[in-house]
Amino acid sequence: MNNPMKNPRTIVEKIWDSHVVSQEPGAPALLFVDLHLTHEVTSPQAFQMLRERKLKVRRPDLTIATMDHSTPTTSRDLPVLDPIGAAQLDQMEKNCADFGLRLYNRMSDHQGIVHIIGPEQGLTQPGMTIVCGDSHTATHGAFGALAFGIGTSQVGHVLATQCLLQTPSQSYAIRVNGALKPGVSAKDIILAVIAKIGIGGGTGCVFEYLGSTIRGLSIEERMTICNMSIEGGARAGLVAPDDTTYQYLNGREFAPKGEAWDEAVKQWKQLPSDEGAAYARELTIDAGELEPMVTFGTNPGMGIPISGAVPDPASVSDPIEKSDLVKALKYMDLEPGKPLQGHRIDVVFVGSCTNSRISDLRAAASVIKGRKVNPHVRMLVVPGSQQVKHQAEAEGLDKIFRDAGADFREAGCSMCLAMNGDQLEPGEYSVSTSNRNFEGRQGKGGRTFLASPLTAAASAITGFVTDVRKLV
Amino acid sequence: MKFEKLESKIVVLPVDNIDTDQIIPARYLKAISKDGLGEGLFVDWRKNADGTLKSDFPLNKPENKGAQILVTGDNFGCGSSREHAPWALVQYGFRAVISTSFADIFKGNAVKNGLLPVVVPADVHKQLIASPGMKVTIDLAAQKLTLADGRSVEFPIDSFAKRCMLDGVDELGYMLQQEPAIAAFEAQHPSRINTLS
């Protein structure tokens, strides 16, 4: 029916078309879900609904559960101190046991942040539809999957039917071309994109990241970029699969093996957008012009190049925009027109589904090695999964961090959203490799500067917001 | 829960990009039920550190008590996918939010909980922002918002969401009815993974 010569399609359209179960007039499409990831925070009320309606999980073989958000990152030998958090973890055990789901619990060797474990186990594969009750599900788009966050009602829908009611999104092409300068990373690309389009800029869209820079990135770097698509307002963001993708996947636990692998790769090669496919919107970024980025405000769109200055509300004309900027600067206690570089900080957090993979830890360690964390800084390094932690230990990265005075933890979401006891104190400043600098996100009254692992590590050494290129 | 015609005064929160961490902070997400989330609504904006109410926050002003419609700045509900955000808004007493735009996930979550997201053009929005306490009427069947001065404006809503809210259609019930289609799809769509293997 769809002759690609006549009807060029984007990768998003191809994935969509191959997952529509039914489409009744006046209703959204019923879309099949290939992989459902779930964690302790956004699922309990969905399981409760299943019990109330006496429903089973339709496809337990397509769901994977883990514990990450409320999960302590202190030693596993210690009990969970927070009774409410502990009750939530216990409930997750019970829900997965009652409904027959595979759970990587707090003691599992496969436990970790839901968006880290999917890819590392080979569950995340090109062409899939992937959902999770978590807005950073877009991470999995790095493999050429259509992956997006859903609410708890929809978690219930997926558990009961393996489907979702969905209307298609528009395609938004984000092209990044050219060579990155030393010290500039994937995190800086996505922070620059969001600073350019604003945090509502991609509403109603799915980002497709294209261009020579994206092609040259590792799969882990692509995950960092896709992860923050939601911070640009897009529910999903993806990169078409290529040899980088296949090399990463080949041999992983749940990846196809033998002939099934060859067949899968053959099909995956059909996924990239056709020549001439139409995009509703487009943006082009010159990677060579990028600097390390850092946010100054209270949403991820409030970002500047590290050599830049905090913007002045006097230069903003829209009254609400102006008052929002005033509000942000008041919360952050920053002066307009001043550089952020050199601003004193209290905490450095290296972690989160944005930047807690082995390559992120290696990047941070490359700066920390042979140096000491500034005595007034508390540095927390939180691997994204147990597997990442083991790999870091095998490479001696844990020792580099600990020798420098940093804390090297168990896996989890940790200080990205401060649900598990890892948090900022009121008024404290952090440089954080996470994805959100919203008011109170890292702890009530805490103030967040988002940046790359390189910038975070350099800032930990000096105790001030630092341009890594000046340190090295 | 059916959405009948709604007449209420508005409470105005003139801030753009209100994220779901402000609507309900993560520390309220440890709950395993939906109970008590209204307490956490805008809690760090609504309350002082000692738990007393901030008198200058719009929701705390006595004249705004009982308002069922919240008017906010652009891109309301951005950030986290937590459905706790609409749960908290509904438990606090809101039945509709008016803005120039909503974040995608929040909008989807809202309609599933009987909370109507109403998108209005910039000039109407400007008038609403400047008129806290104004009484307005929302007629979902006609997709019409009417201001106190009689000015009325049509608002967009997805036709299926409208039907669900007006008639109290149960989305999951609708999906379960399509079981034969799902089974037929599964038969020709073999999966590459088995998490139970």
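Predicted model: local features only at pLDDT ≥ 70, side-chain atom pairs only at ≥ 80, totals over all residues.

Trainee: To begin with chain A, what does its secondary structure come to?
Mentor: Chain A has 16 helices and 19 strands. Its C-alpha atoms fill a box of roughly 60 × 55 × 45 Å along the principal axes.

Trainee: How does the radius of gyration of chain A stand against that of a compact globule?
Mentor: The two agree, because a compact globule of 472 residues would have a radius of gyration near 23 Å, and chain A has 22 Å. Of the 472 residues of chain A, 61% count as buried. Among contacts in chain A with a separation of 6 or more, 77% come from residues 24 or more positions apart.

Trainee: And chain B, how many helices and strands are there?
Mentor: Chain B has eight helices and seven strands. The C-alpha trace of chain B spans about 60 × 45 × 25 Å along its principal axes. Buried residues make up 43% of its 197 residues, and residues 24 or more positions apart account for 67% of its contacts with a separation of 6 or more.

Trainee: Where do the two chains touch, and how many residues are in contact?
Mentor: On chain B, 50 residues are in contact with 65 residues of chain A. At least two residues of that side of chain B are supplied by each of α1 (20-23), α4 (104-111), α6 (159-167), α7 (171-176) and α8 (179-187) of chain B.

Trainee: What is the make-up by class on the chain B side?
Mentor: The side of chain B that touches chain A has 18 nonpolar, 17 polar and 15 charged residues.

Trainee: Turning to the sheet in chain B, what is the strand order?
Mentor: The order is β4-β3-β2-β1-β5-β6-β7 in an open sheet of seven strands of chain B, with mixed pairing. The edge strands, each pairing on one side only, are β4 (116-119) and β7 (152-154) of chain B. Neighbouring strands of this sheet are turned by 30° against each other on average, direction ignored.

Trainee: How is β7(B) joined to β6 of chain B?
Mentor: Strand β6 (residues 144-146) of chain B runs antiparallel to β7(B), with three bridges joining them. Within that pair, B:Thr146 stands opposite B:Ser152.

Trainee: Which strands does helix α5 of chain B lie across?
Mentor: Helix α5 (residues 122-129) of chain B lies across β1 (6-13), β2 (69-72), β3 (96-99) and β7 of chain B, and runs at about 80° to β1(B).

Trainee: Back to chain A: what is the order in its five-stranded open sheet?
Mentor: That sheet of chain A has the order β17-β16-β15-β18-β19, with parallel pairing. β17 (407-408) and β19 (447-450) of chain A each have a single partner strand, so one side of each is left without a neighbour in the sheet. Four bridges pair β18 (residues 429-432) of chain A with β19(A) in the parallel sense, and A:Ser432 stands opposite A:Leu450 there.

Trainee: What lies across this sheet?
Mentor: Helix α15 (residues 453-462) of chain A lies across β15 (347-350), β16 (378-381) and β18 of chain A, at about 150° to β15(A).

Trainee: Which residues have the most contacts inside the largest nonpolar core?
Mentor: They are A:Val348, A:Ala364 and A:Val381, in a core of 198 residues. Helix α6 (residues 186-197) of chain A gives the largest share of this core, nine residues. Not counting residues up to four places away in sequence, A:Val348 touches A:Val377, A:Met379, A:Ser430, A:Val431, A:Ala456, A:Ser459 and A:Ala460.

Trainee: One more region: how are β1 and β2 of chain A arranged?
Mentor: Strands β1 (residues 20-23) and β2 (residues 29-32) of chain A pair in the antiparallel sense over three bridges, with A:Val20 opposite A:Leu31. They form a hairpin with five residues between them, and A:Gly26 in the turn has a positive phi of about 75°.

Trainee: Which strand does β2(A) also run antiparallel to?
Mentor: β2(A) is joined by four bridges to β8(A), where A:Leu30 stands opposite A:Leu165. From strand β8 (residues 163-166) of chain A, A:Cys163 and A:Leu165 point one way and A:Leu164 and A:Gln166 the other way, and all are buried. In a regular strand, side chains alternate between the two faces of the sheet.

Trainee: Finally, is A:Lys327 buried, exposed or partly exposed?
Mentor: A:Lys327, found in helix α11 (residues 319-332) of chain A, counts as partly exposed because it has 16 C-beta neighbours inside 10 Å.

How values were computed
Residues numbered from 1 in each chain as written. Chains lettered and ligands numbered in written order. Rg over C-alpha atoms; globule rule 2.2 N^0.38 Å. Buried ≥ 20, exposed ≤ 12 C-beta atoms within 10 Å, placed from the backbone. Contact = placed C-beta atoms within 7 Å. Nonpolar A, V, L, I, M, F, W, Y, C, P; charged D, E, K, R; others polar. Pairing = 2+ DSSP bridges. Axes fitted to C-alpha atoms, helices over the stretch in contact; angles between N-to-C directions. Core = buried A, V, L, I, M, F, W, Y, C linked by C-beta atoms within 7 Å.
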